[in-house]
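Dear colleague,

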Amino acid sequence: MMTRNPFKKLKEFRSNYFKRNNLYVNYVRRTWNEVAIILILLLTTALINSGFFYICKLIWHAYVLTPAGKEYISIFTENSQAIFAILSGDCIGFSISLTLQAFYVCLAICTACRLFYITRFFYDPREFLGRLCFWGLPMAVVVSIYLRPIYKFTEWEMALFLSVVPTLIMFTGCFRFTSLLLPEVGDIIAYPVKKGGIIKECLVRQILPRLKQKARHIIDRINAS
């Protein structure tokens, strides 16, 4: 009597398992890929923002040496002190913090838009310029409102100026991330019904016939004995 190879049995089980759960495996792989893309986007945004701050720092220090700059400092003392405080600090650390804060706001907005069908009807049909004007700039305003009390900006315009660059770079990536990985409200509501139908179909077509076959086999053995 030939014994079955246990490794072959394990291979068949693994193959059948992954075929049945191919949807979940693909979702995990896609999630991993999108998370990697988001991390790269965050790193790129932080680097670009750091370069932007460094250029602003050079321009500001050159501006304050001019007569107009000295006059601005004397008239707008609070604004000048706030600008000096921002540009004299760690540009890289501040840029990373600003990028993460802007990312949280953009991701929250994009999540809500995805759940309630706003992305499908008001974002997806638009071209790049439409998305930039209709979504990017308003989201920069929302980010600036969120950042102003956190960093204690004296002027709303300053918060908006610092929010524009990271928001415009990341908002399309956040929309892509939520569109690929998150369901809409209708899908969430329909999932239990669909799952119940799948379970019922599996019960009727696969499990019950096997149970009947096992029961018949046991009855035949009892009758034979």
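In what follows, a helix is a DSSP run of H or I with at least four residues, and helices are numbered from the N terminus. Please note that the model is a predicted one.

Overall arrangement

The protein has 9 helices and 0 strands, and along the sequence the pattern reads α-α-α-α-α-α-α-α-α. Of its 225 residues, 27% are buried. Among contacts between residues at least 6 apart in sequence, 74% join residues at least 24 apart.

Helices α3 and α4

The axes of α3 (residues 67–75) and α4 (residues 77–87) come within 5 Å and cross at roughly 110°. Since angles of 65 to 115 degrees count as roughly perpendicular, α3 and α4 are therefore roughly perpendicular to each other. On the α3 side, the contact is made by Tyr-72, Ile-73, Ser-74 and Ile-75, which meet Thr-77, Asn-79, Ser-80, Ile-83 and Phe-84 of α4. By class, this contact of α3 with α4 has 5 nonpolar residues, 4 polar ones and no charged ones.

The nonpolar core

The largest nonpolar core has 35 residues, of which Phe-153, Leu-162 and Phe-175 touch the most other members. Two or more residues are given to this core by each of α2 (22–63), α4, α5 (91–115), α7 (128–151) and α8 (156–181). In soluble globular proteins, nonpolar side chains tend to be buried together.

If residues up to four places away in sequence are not counted, Phe-153 touches Ile-86, Phe-94, Leu-147, Arg-148, Met-158, Ala-159 and Leu-162.

Helix α7

Helix α7 has a kink of about 25° at Gly-136, shortly before the proline Pro-138. Which residues of α7 are buried? They are Trp-135, Gly-136, Met-139, Ala-140, Val-143, Ser-144 and Leu-147. The cover over these buried residues includes α5, α6 (118–123) and α8.

Met-139 lies in α7 and has a relative accessible area of 3%; this residue is therefore buried, the cut-off being under 20%. Leaving aside neighbours within four places in sequence, Met-139 is in contact with Cys-106, Ile-109, Cys-110, Thr-167, Phe-171 and Phe-175. Met-139 and Cys-106 are 33 residues apart in sequence, while their C-alpha atoms are 7.0 Å apart in space.

After α7 comes Lys-152, which has a positive phi, near 55°.

Arg-114 is placed in helix α5. Is this arginine, Arg-114, buried or exposed? Its relative accessible area is 17%, so Arg-114 is buried. Apart from neighbours within four places in sequence, the residues in contact with Arg-114 are Thr-119, Thr-178, Ser-179, Leu-182, Pro-183 and Glu-184.

Tyr-117 is found in the loop between α5 and α6. Most residues other than glycine have a negative phi. Tyr-117 has a positive phi of about 65°, although it is not a glycine. With a relative accessible area of 29%, Tyr-117 is partly exposed.

Yours sincerely

Technical notes. Residues numbered from 1 in each chain as written. Predicted model: local features only at pLDDT ≥ 70, side-chain atom pairs only at ≥ 80, totals over all residues. Heavy atoms only, no water. Axes fitted to C-alpha atoms, helices over the stretch in contact; angles between N-to-C directions. Parallel < 35°, antiparallel > 145°, perpendicular 65-115°, else oblique. Contact = heavy atoms within 4.5 Å. Nonpolar A, V, L, I, M, F, W, Y, C, P; charged D, E, K, R; others polar. Core = buried A, V, L, I, M, F, W, Y, C linked by side-chain atoms within 4.5 Å. Buried < 20%, exposed > 50% of the residue type's maximum accessible area, 1.4 Å probe, protein only. Bend = angle between axes of the 7 residues up to and from the residue.
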